Amino acid sequence: MSEIVLSNITKSYGSHLAIPGLDLDIPKGSFVTLLGPSGCGKTTTLRVIAGLEQATTGEVVLGGRTVYSSRTGVFVPPERRGLGFIFQSYALWPNMKVDRNITLALSEAKQPAHVIKERLSVALAKVQLTGLEDRYPSELSGGQQQRVAVARLIAARNAILLMDEPLSNLDAKLRTEMRTELKRLHRELQATTVYVTHDQVEALTMSDIIVVMKDGVIQQQGTPYEIYHDPANLFVAEFIGDPRINLLDGTLSTAGGERFVRFEETDTPVPAGLQSTDGPVTFAIRPENIAIVERPGPASLAAEVDIVQPTGSQTIISLSVKGHRITALIPRFETTLAKKNVWIDFPADRLTFFDKRSGTRIPSAKPALGASHAA
Ligand SMILES: Nc1ncnc2c1ncn2[C@@H]1O[C@H](COP(=O)(O)OP(=O)(O)OP(=O)(O)O)[C@@H](O)[C@H]1O
């Protein structure tokens, strides 16, 4: 069942059309992330759902209730939409202590005192702030302030939670911890959550569904697996993944009933059923799918290792193949390969093909990668 439905939403700021026409259907209880580069319209979309921004045209339905319709003139203000939100700045009241910050909405909603007390103590315990309820926000660290904002969401028990880059002000370690906390929070509250970020790791680690946006237009909507392994176009392929996906120009050809992609005079088999005629094509391979081999096979390419960057459990290897820069990622700590000549293979079932002109993914009969997805 859908909890949030946006239909044909447009949003203009003066003559600037930030959202040219957006349809989005968010299932009840899901964690959906709006992901994209700065200025792609993520925050605007979230603010339209919240009612902090009024769309120029379209319709917003929350939990079956129309809260905005340009056709009928309905506009329900944010405080009556039954939402909880956390924004980049945690928006705590500086003049109120932690307990009041957490329970303000409950007392305004005239909840009985015993309910407020119980929800406060549960929320404080969940974010591990018990004992700090008498402090003012200025007496807390950034991470603790963040957790107060989370505690407020826990206490409010809204059916819909909206979060706009809530972790962006935190240091890397705390961000990783809070990611886990927010994911746990979502599992426990089962609230429909819309999360805005430009950080692909946050999107991949936390979401049920990722919506990738560019210039106010949805490029792809899918599970993290689909977005990572089956990008709909070159924009999505390049935006997701660190180190970035390798994009190469080749030529599709057919010989003896077999299909190949020719790249630097080497023919690599392509996935079965690739729906494209012979000719120029862009193909992509993720760094972790490049095989560095000791003995060349018929489709191996000679490469020179340029830079080797161990990151701990993995090593990023920058290679050069006849002047083309190619990045490989190997699952171990490696320091001995620098400046060596090696061979690399592109496994056929790991190649993704894109139309050179439109940048759209070319479908194939490629089987799903890896069994872990199905598990
Ligand atoms: N109040 C405003 N007045 C004019 N233009 C605006 C306003 N708010 C947003 N925009 C424009 O609308 C577009 C979408 O902005 P939005 O803030 O939604 O992007 P975003 O993807 O959330 O970016 P960021 O990651 O930088 O926050 C941008 O081009 C932005 O400049």
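## Close-up views of the predicted model

**View 1**
Ser 318 stands opposite Thr 327 in E19. Before going further, please note that this is a predicted model, in which local features need pLDDT of at least 70 and side-chain atom pairs count only at pLDDT 80 or more, while totals for chains, interfaces and linings use all residues. Residues are numbered from 1 along each chain as its sequence is written. Helices (H or I, at least four residues) and strands (E, at least two) are DSSP runs numbered from the N terminus, and two strands pair if DSSP finds at least two bridges between them. E18 and strand E19 (residues 324-330) run antiparallel and are joined by 7 bridges. Their hairpin has 2 residues between the strands, and Lys 322 in the turn has a positive phi of about 45 degrees. Strand E17 (residues 301-310) is antiparallel to strand E18 (residues 315-321), with 6 bridges joining them. Here Val 305 stands opposite Leu 319 in E18. The hairpin of E17 and E18 has 4 residues between the strands, and Gly 312 takes a positive phi near 120 degrees.

**View 1. The sheet around E17 and E18 is open and has 5 strands.**
The order is E16-E20-E17-E18-E19, with antiparallel pairing. E16 and E19 are the edge strands, each pairing on one side only. From one strand to the next, the twist averages 45 degrees; for such angles, axes are lines fitted to C-alpha atoms (for helices over the stretch in contact), and angles run from 0 to 180 degrees between N-to-C directions. E17 and strand E20 (residues 341-345) run antiparallel, joined by 4 bridges. Look for Ala 303, whose bridge partner in E20 is Val 342. As you follow the strands, remember that side chains in a regular strand alternate between the two faces of the sheet.

**View 2. Another open sheet of 5 strands has E14 and E21 at its edges.**
Its order is E14-E13-E12-E15-E21, with antiparallel pairing. Strand E14 (266-269) and strand E21 (352-354) each have a single partner strand, so one side of each is left without a neighbour in the sheet. Neighbouring strands here are turned by 45 degrees against each other on average, direction ignored. Strand E13 (residues 258-263) pairs with E14 in the antiparallel sense over 4 bridges. Within this pairing, Phe 260 has Pro 269 in E14 as its bridge partner.

Which residues surround the ligand? They are Tyr 13, His 16, Ala 18, Gly 36, Ser 38, Gly 39, Cys 40, Gly 41, Lys 42, Thr 43, Thr 44 and His 198; a residue is near a molecule or strand if its C-beta atom, placed from the backbone, lies within 6 Å of it. By type, the shell has 3 nonpolar, 8 polar and 1 charged residue. Ala, Val, Leu, Ile, Met, Phe, Trp, Tyr, Cys and Pro count as nonpolar, Asp, Glu, Lys and Arg as charged, and the others, Gly among them, as polar.

**View 3. Helix H1 is mostly covered.**
Of its 9 residues, 8 are buried, among them Lys 42, Leu 46 and Ile 49. A residue is buried if 20 or more other C-beta atoms lie within 10 Å of its own, exposed if 12 or fewer, and partly exposed in between, with C-beta atoms placed from the backbone. After H1 comes Gly 51, whose phi is positive, near 90 degrees. Pro 37 lies in the loop between strand E3 (31-35) and H1. Pro 37 is partly exposed because 13 other C-beta atoms lie within 10 Å. From Pro 37 to Val 48 is 11 residues in sequence and 19 Å in space, C-alpha to C-alpha.

**View 4. Arg 286 sits in a loop between two strands.**
The loop runs between strand E15 (279-285) and strand E16 (291-293). Is Arg 286 buried or exposed? Arg 286 counts as buried because 22 C-beta neighbours lie inside 10 Å.
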